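Subject: Structure handover

Hello,

Below is the structure I said I would pass on. My notes on what turned up in it follow.

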Amino acid sequence: MKTFNLRFFKLKVASFFILAGIMAILASCEKDDIFATINILEPQNKSGDVRGNGGTTTKTWSFENSNTTAGWDMSIDAQSGSFQFVIKDAAGTTVLDRTLTAGQNAQDASGTSSAGTAGTWTVTATLTNFNGSGDYSFL
């Protein structure tokens, strides 16, 4: 007849809890690896880059525009997700709303916004489930 070995039982229980702790740490690290960032590189807030690894984020900022239109350019090199750009003039009217989606149509676009009111313009950039990189600029 076998006897109960308390030391062996304690070792098994301790091993189980150590393994469970390691698995919990690894699971939390995977969640932290998903990110998306929108960087403003120029002091006048008119250019920057974007990058992500499956994450979603939105950033809003403003820039001074003494003209009634703005030249713009945006591009992505992405495996998935989208990059949306919305520009509003000083009166709050949307003068540009453009989205680039990975794998659909062109991966870059440029042009001139619709006419608006000169002054402080607002930009809202949104990355949605974005996995890749890109850039943007205004003239």
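Leaving out residues up to four places away in sequence, Phe138 touches Asn45, Lys46, Trp61, Phe63, Gly71, Trp72, Phe85, Ile87 and Val123. Please keep in mind that this is a predicted model.

Phe138 also belongs to the largest nonpolar core, which has 25 residues. Those that touch the most other members of that core are Trp61, Phe83, Phe85, Ile87, Tyr136 and Phe138. Two or more residues of this core come from each of β1 (36-40), β2 (47-65), β3 (71-88), β4 (94-101) and β6 (119-138). As background, nonpolar side chains in soluble globular proteins tend to be buried together.

Trp61, Phe63, Phe83, Phe85, Trp121, Tyr136 and Phe138 make up one aromatic cluster. The number of aromatic pairs is seven. One of them joins Phe63 and Trp121, a tilted pair with 6.3 Å from centre to centre and 55° between the planes. This pair links distant parts of the chain, since Phe63 sits in strand β2 and Trp121 in strand β6, 58 residues apart. Phe63 is buried at a relative accessible area of 3%, and Trp121 is buried at 0%. Phe83 and Phe85 form an edge-to-face pair, with centres 5.5 Å apart and 70° between the planes. Phe83 has 0% relative accessibility and counts as buried; Phe85 is likewise buried, with a relative accessible area of 0%.

Now the overall layout. The protein chain has one helix and six strands. Read from the N terminus, the order of elements is α-β-β-β-β-β-β. How do the strands pair? Between β2 and β6 there are 17 bridges, in the antiparallel sense. Thr57 stands opposite Leu127 in β6. β3 is also joined to β6, by 15 bridges, and these two strands run antiparallel. Here Asp77 has Ser133 in β6 as its bridge partner.

Is Ser75 buried or exposed? The relative accessible area of Ser75 is 19%. Buried means under 20%, so Ser75 counts as buried. Beyond residues up to four places away in sequence, Ser75 touches Phe83, Leu100, Gln107, Asp108, Ser133, Gly134 and Asp135.

Two loop residues are worth a look side by side. Ser113 lies in the loop between β5 and β6. Its relative accessible area is 6%, which makes Ser113 buried. Apart from neighbours within four places in sequence, Ser113 is in contact with Thr69, Ala70, Trp72, Val95, Leu96 and Trp121. Trp121 is the residue that pairs with Phe63, and Trp72 is also among the residues that Phe138 touches.

Gly103 is in the loop between β4 and β5 (108-112). Gly103 is exposed, with a relative accessible area of 74%. Along the chain, Gly103 and Ala78 are 25 residues apart, and their C-alpha atoms are separated by 7.9 Å.

For the chain as a whole, buried residues account for 29% of the 139 residues. Of the contacts between residues at least 6 apart in sequence, 69% join residues at least 24 apart. The accessible surface comes to about 8600 Å², and 54% of that belongs to carbon and sulfur atoms.

Last, the confidence of the prediction. The chain has an average pLDDT of 84, and 76% of the residues score at least 70. Confidence is lowest in helix α1 (residues 6-32), where the mean is 60. It is highest in β4, at 96.

Regards

Key. Residues numbered from 1 in each chain as written. Predicted model: local features only at pLDDT ≥ 70, side-chain atom pairs only at ≥ 80, totals over all residues. Heavy atoms only, no water. Core = buried A, V, L, I, M, F, W, Y, C linked by side-chain atoms within 4.5 Å. Buried < 20%, exposed > 50% of the residue type's maximum accessible area, 1.4 Å probe, protein only. Helix = DSSP H or I, 4+ residues; strand = E, 2+ residues; numbered from the N terminus. Contact = heavy atoms within 4.5 Å. Areas by Shrake-Rupley, 256 points an atom, 1.4 Å probe, with all protein chains shown as cover. Pairing = 2+ DSSP bridges. Phe/Tyr/Trp six-rings, centres within 6.5 Å; stacked < 30°, edge-to-face > 60°. pLDDT = per-residue confidence, 0-100.
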